[in-house]
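Student: Please take me through this structure by question and answer, with cut-offs given where a term comes up.

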Amino acid sequence: MRRGIRRVRRALQLGVGVMALAALLAGAALSFAAPAAEAQQATTFQVTITNQSNPEMIITPGAYLVHSSAGAFWTAGQTAPLALERIAEIGDPGEAVATLGATATDPAPASGNSITFTISATPGQMLSTAQMLIATNDAFVGVSSMPLFDSGAPVSVTVNLVAWDAGTEQNNALFAGFAGGQPDPSQGAANVENGTATSGTVAVSDQFSGTQATLTVQAGGGVTPPAAGGAGIAGGAGAPTALLLGLAAAATLGATWAARRLVRSA
């Protein structure tokens, strides 16, 4: 009789120990599952910029940047970074591409012409753009840190773009040409330091009135799921989660079976 009681106690102790192990494994599984559940999906957007310049002029190549921190490209009321200065003065996006990781855009040669590109973003990210109005010293059109999501939902919107002054070069009359410090493709590298430098801040240009371009963001190009891992324990968050949950279940079943066997042998 005493031997039977000892076996029952051993069964209970074994069951409690293995159940504790199962609880630990289940907890670990949930800790792996949490990052997977929090993984943000990327939404694609189609962006169209249309030249509406008045007086009509070329909107040069520029750049766009998808980013998470406000002001990552340029900010109104602040000194223009070199990446913006190069675009606003000579229509060169190279600095923005090299230092900010921005993507270059095509030009929009005449009023009514458009350029279109596709971007991918996750909730919390923003869009910034900049393109020069060519018959100026340092005027440009663009948006700064425009939200692409509203309360987690992707945004579709059309924005009227005014002309901005980068504040980096003295303004001369529109269409003053190379002699007035404005870019001339035939002059090559001489355009870089052509004009009189100033140390202002980015502000709305007083040489234009009203809308000079429109920017349309259209969500719904599809949702891009997070990258999936391969099979096995190294195959992303789902694999270790499933493995640990399986081990927890196995431990529970094993404890039940062992306890029953010990009780029966009692």
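## Burial, rings and a pocket

Student: Is Trp164 buried or exposed?
Tutor: The relative accessible area of Trp164 is 17%. The classes are buried (under 20%), exposed (over 50%) and partly exposed in between, with a 1.4 Å probe and protein chains only. Trp164 therefore counts as buried.

Student: What kind of model is this, and how are residues numbered?
Tutor: Residues are numbered from 1 along each chain as its sequence is written, and side-chain values use heavy atoms, leaving out hydrogens and water. Local features need pLDDT of at least 70, side-chain atom pairs count only at pLDDT 80 or more, and totals for chains, interfaces and linings use all residues, since the model is predicted.

Student: How many helices and strands does the chain have?
Tutor: Both are DSSP runs numbered from the N terminus: helices are H or I of at least four residues, strands are E of at least two. On that basis the chain has four helices and 13 strands.

Student: What share of the contacts with a separation of 6 or more is between residues 24 or more positions apart?
Tutor: A contact means heavy atoms within 4.5 Å. Of the chain's contacts with a separation of 6 or more, the share from residues 24 or more positions apart is 79%.

Student: Why is β1 described as largely enclosed, and which strand do eight bridges join to it?
Tutor: Nine of the 10 residues of β1 are buried, so the rest of the structure largely encloses this strand. Strands pair if DSSP finds at least two bridges between them. Thr43 has Ala121 as its bridge partner in β4. The strand joined to β1 by eight bridges, running antiparallel, is β4 (residues 114-121).

Student: How many aromatic pairs are there, and how far apart in sequence are the parts tied together by Phe45 and Phe149?
Tutor: Rings of Phe, Tyr and Trp (its six-membered ring) pair if their centres lie within 6.5 Å; planes under 30 degrees apart are stacked, over 60 edge-to-face, and the rest tilted. The whole structure contains four aromatic pairs. Phe45 and Phe149 make an edge-to-face pair, at 5.6 Å centre to centre and 90° between the planes. Phe45 is in β1 (residues 42-51) and Phe149 in β8 (residues 149-150), so the sequence separation of the parts tied together is 104 residues.

Student: Are Phe45 and Phe149 buried or exposed?
Tutor: The relative accessible area of Phe45 is 1%. For Phe149 the value is 11%, which also counts as buried.

Student: What is the geometry of the Trp74 and Trp164 pair, and how many residues apart are the parts it ties together?
Tutor: Trp74 and Trp164 are edge-to-face, at 5.4 Å centre to centre and 65° between the planes. Trp74 is in the loop between β2 (59-67) and α2 (82-90) and Trp164 in β11 (residues 164-165), so the pair ties together parts separated in sequence by 90 residues.

Student: What is the volume of the largest pocket?
Tutor: On a 1 Å grid over the protein atoms alone, a pocket is an open set of points with protein on both sides within 12 Å along at least five of seven lines, and lining residues have an atom within 4 Å of a point. Grid points are joined across faces, edges and corners, and a volume is the space filled by probe spheres set on the points. The lining has 13 residues, with Thr60, Ile90, Ile134, Pro183 and Pro185 nearest the centre. The volume of the largest pocket is about 160 Å³.

Notes:
1 Å grid on protein atoms, 1.4 Å probe; cavity = no way out; pocket = protein on both sides within 12 Å on 5 of 7 lines; lining within 4 Å.
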